Amino acid sequence: MCAATLCIVHSTLPPFWGVPNLAIKWDALHRDPIPQRALIGSSRIYRQAIPSIIDSVIGQGRTFNAGYAATFPPATYEFLEQLLREERQLPEEILVELSNYMLFEEANLEDHRYWYYLGPREGWGLVRHALFLPNQPRTERLGFAARAVRATTCSLLGLGLADHLLAATADTDTLLALGPAGDGGLTLETLLRYRPDDEGQLARRATFRADTLAAQRRAVGLRHLYERPSTGGVSLVHLSRLTALLDMAHSRGVRLRFVLPPLWIDRGEDLLALVHALPDGAVIDLCHPDSFPQFYRPENMFDAGHLNDRGARLFSMELARALHAPGHNPEFAR
Amino acid sequence: MLFNSAEFCLLFFPLVTGLYFLLPKNWRWLLLLLASCWFYMAFVPLFILILAFTIGVDFVAGIAIARSEGPRRKAYLVASIIANVGVLAVFKYWDFLNGNLTALFAGMGLEYHVPKLHEWTFFGFLPAGMVLPIGLSFHTFQSLSYTIEVYRKHQQAERRFGVFALYVMFYPQLVAGPIERPGNLLNQLNATDGHGIRSDFDHHRVVQGLKQMLWGFFKKLVIADRCAALVDIGYTHPAAQDGGSLLLATLFFAFQIYCDFSGYTDIALGAARVMGFNLMVNFRTPYRSASISEFWGRWHISLSSWFRDYLYIPLGGNRVAKWRWYTNLFIVFLVSGLWHGANWTYVTWGGLHGSYLVLALMFAPLWKRTSGASGRAEQHGFGRALNVLATFLLVAFAWIFFRASHVADAFTVIHRIFDPSTWTDGSWGIVHADPPGSFFLTVFVVLVFVIIDPLCDALVKGERHLTAFSAEVAWISGLLLACLFIGRHGATTFIYFQF
């Protein structure tokens with residue numbers, strides 16, 4: 001009876017109920033007219049990719065930004081996969097931020113938004129990914145795997161579901177989700193115009209302004225990462241997940257590409273190994289500090305990990321150019 | 001290790017219980033002893049030395065008492081009492097005494113400085129800022145009851161150190177009771193069938209035990225921990241709260257402490273029952289009491305009966321002059337308050353309950369005369385309901401002192417509750433607790449609990465049975481799903497662990 005109830009409860013929960021603003025984006029993405037391009041990812045997409053600029057550079061079609069704060073793989077992959085499974089018209093082109101699988105620190109387990117979507121398959125994928133992670137000591141890997149099991153168990157058993165649903169309902173904010181233009185993009189400076197007392201963002205900006213050399217340090221660190229060849233190998237679990245997504249998109253007639261946005265590469269060595277392992281043309285790399293030095297100038301940055309309005313405009317133009325590049329082969333996805 | 005932790009539910013309990021039934025009977029006591037040590041050491045490992053000291057002293061004292069007669073017998077008992085109370089005095093009351101002496105000397109313009117306990121590090125063996133050993137008052141009292149019972153010749157001295165250590169350390173009730181008596185638990189540990197601990201795997205008993213544990217988890221996760229979040233809002237800075245929020249916080253605390261403590265007890269009783277041990281019943285729906293004396297017959301029964309047998313009766317009980325009787329009662333409740341914690345808030349709480357009882361006894365003849373022929377009606381129907389409500393409100397009032405951090409805070413709470421002008425100078429913060437709507441959900445689950453508590457309590461104690469299988473399944477599934485969906489899963493500690 002308990003198992004049956006759990007199944008019923010899980011099946012009645014709306015998609016992405018744990019992050020209500022992401023659920024709003026999910027619904028908006030299904031509203032007619034269906035956009036030609038969709039962007040999926042974390043705040044590095046949500047805060048930095050401005051759909052109107054992308055559209056004006058490309059000159060045709062409509063872009064929708066479905067990125068949202070702290071939305072990392074495998075949540076982004078789940079979002080994409082659910083979208084690709086839909087028996088309806090889909091965007092012609094989807095761009096997904098390339099980042100590492102989110103691994104569970106103790107603090108992640110406290111907040112349901114990081115694990116609410118985990119089912120047996122995603123959970124098992126996370127455990128395998130953690131266990132075979134390159135460049136990590138065994139104790140770390142075991143710790144990540146154990147926390148992934150705990151997170152999946154919490155999700156499957158619906159631990160604290162009532163409070164999570166109450167919190168999710170209270171968190172809903174259409175303006176925050178879709179932005180002033182309704183296209184899903186919301187730069188950090190625009191956010192502060194709507195929420196001038198957002199202490200978290202103000203503090204991050206103040207910290208960066210007090211030490212703008214952080215931008216330079218980040219550029220140096222990333223340059224070093226690009227110059228140093230990866231020795232630890234690639235996460236085969238992650239790679240196979242990405243190739244499966246490419247195949248799935250291809251079978252649905254959708255052009256899927258992964259984007260490496262600037263400023264922030266968590267566990268960069270693993271990520272660059274993945275970039276090298278993916279098929280040619282599958283990744284748009286906008287991160288390299290030598291190719292895109294403008295993203296590492298303090299005047300274009302909001303905080304150490306995000307661009308400001310001006311930086312976001314520059315990023316959106318570069319992204320549009322990369323999409324519109326004459327050499328771009330839409331059939332890269334095998 | 002907390003009962004409401006994944007570590008206990010998924011590892012410790014299944015492993016220990018499984019091994020318990022798999023092992024040969026004559027090894028079971030050793031398994032339980034080792035498991036109990038592991039359980040206790042999961043908190044602060046070094047504190048097991050204090051427990052070892054108590055166990056060692058009382059084991060030797062028990063044998064010495066049994067072997068002697070006359071004044072020597074009494075001397076061994078006194079030595080045991082001094083050792084046990086000494087441990088309590090050092091680890092629990094030292095700072096309290098010290099603080100009060102410092103204040104007293106300061107009031108007289110004198111300087112007094114003796115280091116506080118948390119400043120001691122015992123030559124580096126203990127971390128600075130150490131906390132009170134968990135469950136100290138519980139196992140000290142349990143151990144003391146053994147030497148007293150041996151002295152009174154109600155109990156034979158235990159000759160096997162391991163079994164005696166297990167009696168004091170039996171993990172289900174080690175840190176928050178029930179405070180067992182040797183006549184119950186020690187005799188069960190000694191009840192062998194020639195091969196070891198007698199209990200065999202009994203499917204019905206195991207299921208009953210698991211049900212009782214589930215009911216305990218429901219009380220802890222769904223009621224106590226939900227209420228705790230609201231109570232904390234009211235009591236963290238009471239001066240900043242409106243009277244309405246403080247009143248609600250106080251009522252929620254009444255349910256929090258009941259469900260936290262009785263939830264722990266149910267898990268303990270259930271876990272012991274699964275392995276074939278029957279621990280003392282500690283609660284009998286206390287908020288259904290129609291008087292304060294009835295309340296104390298239903299609340300923390302193992303402690304009330306301990307004080308009755310080892311303090312109240314030796315003081316003379318009620319077989320003395322009236323003023324002595326009242327004094328005895330008052331002393332017992334003051335000591336009971338002090339047993340809970342080294343803080344004037346607990347002493348005041350105990351004193352308040354003592355006052356309730358003494359006043360009830362003083363006015364009993366007058367009450368009988370005025371109620372006259374309606375005496376029967378008091379036990380049933382509307383009259384009893386009124387008495388139950390009045391008793392609950394008196395108990396809840398006393399809880400203000402129990403929950404407040406300081407006596408001054410308690411008076412702030414009382415002042416703000418009873419001063420209507422304060423009801424409008426706040427924002428009713430408790431109602432707007434995060435996440436929005438959680439206040440109303442908590443009110444709802446508390447109301448449901450009030451309705452189902454008597455039935456569920458009787459069901460888990462085996463006093464009532466559900467005849468229909470479907471009702472049984474619905475009951476268990478309902479509790480389980482409520483624990484999963486509505487419970488708070490942060491593995492918060494139990495209130496009574498600190499005592």
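**Entry 1: strand β1 of chain A**

I began with strand β1 of chain A, residues 37-40. A:Arg37 and A:Leu39 point one way from the strand, A:Ala38 and A:Ile40 point the other way, and all are buried. Here a residue is buried if 20 or more other C-beta atoms lie within 10 Å of its own, exposed if 12 or fewer, and partly exposed in between, with C-beta atoms placed from the backbone. I noted the general rule too: in a regular strand the side chains alternate between the two faces of the sheet. Strands (E, at least two residues) and helices (H or I, at least four) are DSSP runs, numbered from the N terminus.

A note on the source: this is a predicted model, in which local features need pLDDT of at least 70, side-chain atom pairs count only at pLDDT 80 or more, and totals for chains, interfaces and linings use all residues. Residues are numbered from 1 along each chain as its sequence is written, while chains are lettered from A and ligands numbered from 1 in the order in which they are written.

**Entry 2: partners of β1**

Which strands pair with β1(A)? I found strand β2 of chain A, residues 63-65, joined to β1(A) by three bridges and running parallel. Two strands pair if DSSP finds at least two bridges between them. A:Ala38 stands opposite A:Phe64 of β2(A). I also found strand β3 of chain A, residues 93-97, which pairs with β1(A) in the parallel sense over four bridges. A:Arg37 has A:Glu93 of β3(A) as its bridge partner. A:Ile40 has A:Val96 of β3(A).

**Entry 3: strand β3 and the sheet**

Next I followed β3(A) to its pairing with strand β4 of chain A, residues 255-260. Five bridges join the two, and they run parallel. I looked up two opposite pairs. A:Leu95 stands opposite A:Arg257 of β4(A). A:Val96 stands opposite A:Phe258 of β4(A).

Is β3(A) buried or exposed? Five of its five residues are buried, so β3(A) is largely enclosed by the rest of the structure. Both faces are covered, with A:Glu93, A:Leu95 and A:Glu97 on one side and A:Ile94 and A:Val96 on the other.

Then I wrote down the whole sheet. Five strands of chain A form an open sheet in the order β2-β1-β3-β4-β5, with parallel pairing. β2 and β5 (283-285) of chain A stand at the edges with a single partner strand each, so one side of each is left without a neighbour in the sheet. Neighbouring strands are turned by 20° against each other on average, direction ignored. Helix α5 of chain A, residues 75-85, packs on the sheet and touches β1 and β3 of chain A. The direction of this helix makes about 165° with that of β3(A). Axes are lines fitted to C-alpha atoms, for helices over the stretch in contact, and angles run from 0 to 180 degrees between N-to-C directions.

**Entry 4: A:Arg141**

I looked up A:Arg141 in helix α8 of chain A, residues 138-157. A:Arg141 is partly exposed, because 17 other C-beta atoms lie within 10 Å. Leaving aside neighbours within four places in sequence, I found A:Arg141 in contact with A:Ala130, A:Leu131, A:Leu133 and A:Gln136. Contact means that the C-beta atoms of two residues, placed from the backbone, lie within 7 Å. A:Arg141 and A:Gly158 are 17 residues apart in sequence and 25 Å apart in space, C-alpha to C-alpha.

**Entry 5: two helices of chain B**

I turned to helix α3 of chain B, residues 48-67. The axes of α3(B) and α5(B) come within 9 Å and cross at roughly 5°. The two helices are therefore roughly parallel to each other. Angles under 35 degrees count as roughly parallel, over 145 as roughly antiparallel, 65 to 115 as roughly perpendicular and the rest as oblique. Among the residues that meet are B:Leu51 and B:Ile55 in α3(B), and B:His139 and B:Tyr146 in α5(B).

**Entry 6: domains of chain B**

The domain assignment of chain B gives domain 1 (6-198) and domain 2 (205-317 + 393-498). Such bounds come from an automatic or database domain assignment. The domain centres, taken over C-alpha atoms, are 26 Å apart. Each domain of chain B gives 20 residues to the contact.

**Entry 7: chain B against chain A**

How many residues of chain B are in contact with chain A? I noted 16, against 14 residues of chain A. α17 (438-460) and α18 (469-485) of chain B each give two or more residues to this side. α18(B) gives the most, with six.
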